[in-house]
Amino acid sequence: MITLTTERLILRGWRDDDLDALAAINADPEVMRYIMDGQVRDRQQTEAGLRRFQAGWAENGYGIFAIERDGELLGWAGLAVPTFLPEIMPAMEIGWRLGRHAWGQGYATEAAAAALRFGFEQPGLDRIVSIRHIDNDRSARVMTKLGMTHERDTVVPEVNQPVAVHAITREQYGRLS
Ligand SMILES: CC(C)(COP(=O)(O)OP(=O)(O)OC[C@H]1O[C@@H](n2cnc3c(N)ncnc32)[C@H](O)[C@@H]1OP(=O)(O)O)[C@@H](O)C(=O)NCCC(=O)NCCS
């Protein structure tokens, strides 16, 4: 799989020994507060998620990158199909999640900017969306900094979660860079 480098970060494929750090991130209620039903994930759920990340890359040639700085796993960013929101399908989503100690240093924006560029360059997508809980202001700010615009508010049927959908087209992205 592909490795991307930014000024401070490495976006890379998943290793089995990422499980401890990823499980700690997914066990933090503050991190999980705005994710789907807001529940933390246990180690078994995180391990299944890590396997899905690995399988996704093998199957699709795109997916979720592990974000590493100085040998430490900070979290993830990357592309996934948002099947949980059928009304916007077909679509490709960019998303992100960092451990709390890594927040507020511009890492999510730096990593997501690289993943967004990858999305428009590699799989040849014409439009990328991002979806957040309507109260997730930090994530909204990352979306704005990436050049995405708010498209609609709706509800995720499975968990009855109010979300905002943001988007950027290839053309809009091209005008930014
Ligand atoms: C959302 C998340 C990835 C952001 O990571 P981050 O590395 O802190 O993001 P950045 O530093 O790149 O940017 C955050 C921006 O939000 C701003 N911000 C921080 N707290 C905020 C708040 N309470 N309200 C509004 N904006 C806020 C920051 O000032 C910064 O904007 P700025 O650069 O203009 O100052 C991180 O908080 C996280 O992992 N949260 C838990 C998981 C999650 O919610 N994922 C997204 C699901 S849609």
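## Gln-122, an exposed loop residue

Gln-122 counts as exposed, with 12 C-beta neighbours inside 10 Å. The burial scale works on C-beta atoms placed from the backbone: a residue is buried if 20 or more others lie within 10 Å of its own, exposed if 12 or fewer do, and partly exposed in between. Gln-122 sits in the loop between α4 and β6 (127-133). Helices here are DSSP runs of H or I of at least four residues, strands are E runs of at least two, and both are numbered from the N terminus. Gly-61 is 61 residues away along the chain from Gln-122, yet their C-alpha atoms are separated by 8.9 Å.

This is a predicted model: local features need pLDDT of at least 70, side-chain atom pairs count only at pLDDT 80 or more, and totals for chains, interfaces and linings use all residues. Residue numbers start from 1 along each chain as its sequence is written.

## Overall fold

The chain has 6 helices and 8 strands. From the N terminus, the order is β-β-α-α-α-β-β-β-α-β-α-β-β-α. Along its principal axes the C-alpha trace spans about 40 × 35 × 35 Å.

Of the 177 residues, 29% are buried. Contacts mean C-beta atoms, placed from the backbone, within 7 Å. Among contacts with a separation of 6 or more, 58% join residues 24 or more positions apart.

## Nonpolar core

The largest nonpolar core holds 38 residues, and Ile-67, Ala-77, Ala-111, Ala-112 and Ala-115 touch the most other members. Helix α4 supplies the largest share of this core, 8 residues. Such a core is a set of buried Ala, Val, Leu, Ile, Met, Phe, Trp, Tyr and Cys residues joined through C-beta atoms within 7 Å.

Ala-115 shows the packing. Not counting residues up to four places away in sequence, Ala-115 touches Leu-11, Phe-65, Ala-77, Gly-78, Leu-79 and Ile-94.

## Ligand shell

The shell around the ligand has 22 residues, of which Trp-103, Ala-108, Thr-109, Asp-137 and Arg-141 come nearest. Elements giving two or more residues to this shell are β5 (93-98), α4 (107-121) and α5 (137-145). Helix α5 gives the most, with 5 residues.

By class, the shell has 9 nonpolar, 8 polar and 5 charged residues. Ala, Val, Leu, Ile, Met, Phe, Trp, Tyr, Cys and Pro count as nonpolar, Asp, Glu, Lys and Arg as charged, and the others, Gly among them, as polar.

## Strands β4 and β5

Strand β5 is largely enclosed by the rest of the structure, because 5 of its 6 residues are buried. β5 pairs with β4 (residues 72-80) in the antiparallel sense over 6 bridges. Pairing requires at least two DSSP bridges between two strands. Trp-76 has Arg-97 of β5 as its bridge partner.

The loop between β4 and β5 contains Pro-90. The peptide bond from Met-89 to Pro-90 is cis, with omega near 0°.

## Positive phi in two loops

Asp-70 is not a glycine, but its phi is positive, near 50°. Asp-70 lies in the loop between β3 (64-69) and β4. With 8 C-beta neighbours inside 10 Å, Asp-70 is exposed.

Asn-160 is not a glycine either, and its phi is about 55°, a positive value. Its loop runs between β7 (149-156) and β8 (161-169). Asn-160 also counts as exposed, with 8 C-beta neighbours inside 10 Å.

Ala-140 belongs to helix α5. Ala-140 is partly exposed, with 18 other C-beta atoms within 10 Å. Its C-alpha atom is 9.2 Å from that of Ser-130, 10 residues apart along the chain.

Ala-164 is part of strand β8. With 19 C-beta neighbours inside 10 Å, Ala-164 is partly exposed. Beyond its neighbours within four places in sequence, Ala-164 contacts Arg-132, Ile-134, Ala-140, His-150 and Asp-153. Trp-57 is 107 residues from Ala-164 in sequence and 27 Å away in space, C-alpha to C-alpha.

Note on methods: Near = placed C-beta within 6 Å. Contact = placed C-beta atoms within 7 Å.
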